[in-house]
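Welcome, and thanks for taking a look at this one. Please have the sequence and the 3D view open side by side as you read.

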Amino acid sequence: MKKLFTLTICFLLLQIVYANASSKSTFQWPNIAQDTILKKVVVQATAPGPLRGIYERRLDSISKDIPLEYNEYVQTYIDLYMQNRDEMGQVIGLSKYYFPIYEKAFRDAGIPEEIKFLSIVESKLDPNAVSRVGATGPWQFMFTTAKLYGLNMDSYVDERRDPIQATYAAAAYLKDAYQEFGDWLLAIASYNCGKSNVERAVEKAGANDFWSARQYLPTETRGYVPAFIAMNYVMHYFNKHNIVPQACNFSLKTDTVMVKKYVALSSISQALKVNINELAILNPAYKRLIVNGSPATPRRLILPQVPKENYAVLYNVLNGGDAVAPEPKVTYASYAENKPERKMPTRHRVRKGETLTSIADKYGVEVQDLKVWNHLKSNKAPVGVSIKVNNGDDASTSAAVSTHTRKVL
């Protein structure tokens, strides 16, 4: 009977793993966030006393500015990540490219470097990750929060997908949260559930630390911080658990060019003889695969390092007759044909039968953009009303991260 009970408990735990996949991102690891005896059963089965002591000592040895406490919740996530060895191997390979970007942004913002592991919990370092509720990018920003922290989303770019821009925004959010709560784990918790939820939990707990406030936080957030701590452990000690790092499928050595004109990535691909898929991976923010630069707002273009003689061809593309102009609908072919520039309309009068979705598709914008630009609270298109369909290009810029930066004149 005891054996049957244990098997039943383990079966129920597996159901919880799959039933409670994080609501934040479809690209996240499964989220175990239930406060039940189930965790203790698993911990006792997978981490005997001596082994638990090893985990605890290892976590203590890597603790820096953020205390990495060991307990059964953390152990549960360590076990979970260890069961996903292939995915962890892929993440470790990707970290060779993304972590230097994160580390620079965090140094500039003055926040602990180890928070870089939070992006793995959020998205597995996937800049194209999109959750069921619309959180986007490697740091899984929602539209409103992204706007608040200076990220631009329009018909050409979504800076939530830009590893550089999004990391600086995440650093700014976390720094603000730490200044409010005075505790890094609470700041990290607020990144998942919002500052107001953390404020209420702290008030109910009567204590200003995560473990005291944990029981008053939303269910997902109770597991979110232990997952972050577990990821710190896994990323430091993966070699102790037969996890083999996998190579990146794109260049780790890159150059950065500031572009002042509209140019299609397909033209860059042809000029440099570089696979366009690699250019798309290195420049995930460009929704149409077009760098929409201008003299007023030059755009960053990340390129794999290529023989320097190829740059003469690149400069010709960026500065000559092959620079392309924006169009409402875009394909690689249409921009390669050097069609004459057409001005995007700024307004559209809604006709009967039209929806925000059909209007967004017509002008190559997002439904959320239309709602924000026109202060609409629902997805219903107001028939007979003239609405904005183009908010202009007000994208912000930031310093390039490559040591090989060239400015195209």
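## A salt bridge to start with

With which residue does E159 form a salt bridge? The partner is R299, and the closest N and O atoms of the two lie 3.2 Å apart. A salt bridge here is a side-chain nitrogen of Lys or Arg within 4 Å of a carboxyl oxygen of Asp or Glu. This pair links distant parts of the chain: E159 sits in the loop between helix 7 (143-148) and helix 8 (163-181), while R299 belongs to strand 4 (residues 299-304), 140 residues apart. E159 counts as buried because its relative accessibility is 2%, and R299 is buried with a relative accessible area of 6%. Buried means under 20% relative accessible area, exposed over 50%, and partly exposed in between (1.4 Å probe, protein chains only).

## About the model

This is a predicted model, in which local features need pLDDT of at least 70 and side-chain atom pairs count only at pLDDT 80 or more, while totals for chains, interfaces and linings use all residues. Residues are numbered from 1 along each chain as its sequence is written, and side-chain values use heavy atoms, with hydrogens and water left out.

The protein chain has 18 helices and 7 strands; these are DSSP runs numbered from the N terminus (helices H or I, at least four residues; strands E, at least two). Of its 409 residues, 53% count as buried. Among contacts (heavy atoms within 4.5 Å) between residues at least 6 apart in sequence, 68% join residues at least 24 apart.

## More charged pairs

Side chains of opposite charge can pair when their charged atoms come close. The structure holds 8 salt bridges, and one of them joins R300 to D162, with the closest N and O atoms 3.2 Å apart. R300 counts as buried at 9% relative accessibility, and D162 is buried at 14%.

Another salt bridge connects E103 with K116, where the closest N and O atoms are 2.6 Å apart. E103 lies in helix 5 (residues 85-109) and K116 in the loop between helix 5 and helix 6 (118-123), 13 residues apart. K116 counts as buried, at 8% relative accessibility. E103, E113 and K116 are linked in a network of salt bridges.

## Helix 5 against helix 8

Helix 5 and helix 8 pack at an angle of about 40 degrees, their axes 9 Å apart. Axes are lines fitted to C-alpha atoms, for helices over the stretch in contact, and angles run from 0 to 180 degrees between N-to-C directions. The two helices are therefore oblique to each other; angles under 35 degrees count as roughly parallel, over 145 as roughly antiparallel, 65 to 115 as roughly perpendicular and the rest as oblique.

On the helix 5 side, the contact includes Y98, I101, Y102 and F106. On the helix 8 side, P163, I164, Y168 and K175 are among the residues involved.

## Two positive phi values

Most residues other than glycine have a negative phi. Q140, in the loop between helix 6 and helix 7, has a positive phi near 50 degrees, and is buried with a relative accessible area of 2%. K273, in the loop between helix 13 (265-272) and helix 14 (276-282), has a positive phi near 55 degrees, and counts as exposed at 73% relative accessibility.
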